[in-house]
Amino acid sequence: MNVGDTLAPLEIPVTRTLIVAGAIASRDYQDVHHDASLAREKGSPDIFMNILTTNGLVGRYITDRLGPGAVLRKVAIRLGAPNYPGDTMVLTGTVAAVDGDRAEIQVLGANSLGHHVTGTVVVTVTPEVAA
């Protein structure tokens, strides 16, 4: 892995089920993540993904791309445009720094509205041990 390398993109269909399941799994019971009527009452056109689900998807993206030797050390993300049902989020990553087995990866998740998530992931990658 070298500075400037890009990770293959990951397309994630943003379904109503993904949004609700992510909210339940992270114990985030705010109505804007599962009740479309109440979300609209609060000014949103529909339910939307919570930050904990996004955080998990970013982690999945990095470990899927770097393999079983990848260990997340730090995930620092910021949300932008909401992820609504029916959209697709595309995660991309670029290696920003490498120091031995440690790498810093700039991550971007975009949907039809713009940048849903931006951030940095610090990861260590150890070689897989042959069995």
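Predicted model: local features only at pLDDT ≥ 70, side-chain atom pairs only at ≥ 80, totals over all residues.

Mentor: Residues are numbered from 1 along each chain as its sequence is written, and side-chain values use heavy atoms, with hydrogens and water left out.

Trainee: How many bridges join strand S3 to S4?

Mentor: Strands are DSSP runs (E, at least two residues), numbered from the N terminus. Two of them pair if DSSP finds at least two bridges between them. S3 covers residues 87-99 and runs antiparallel to S4, with Val98 opposite Ala103 in S4. The bridge count for S3 and S4 is nine.

Trainee: Which residue in the hairpin of S3 and S4 takes a positive phi?

Mentor: That hairpin has two residues between the strands. The phi in question is near 65°, and it belongs to Gly100.

Trainee: Which residue in S5 does Gly109 stand opposite?

Mentor: S4 pairs with S5 (residues 114-125) in the antiparallel sense over ten bridges. A two-residue hairpin joins these strands. Opposite Gly109 stands Val117.

Trainee: Is Thr92 buried, partly exposed or exposed, and what is its relative accessible area?

Mentor: Buried means under 20% relative accessible area, exposed over 50%, and partly exposed in between (1.4 Å probe, protein chains only). Thr92 lies in strand S3. It counts as partly exposed because its relative accessible area is 31%.

Methods. Helix = DSSP H or I, 4+ residues; strand = E, 2+ residues; numbered from the N terminus.
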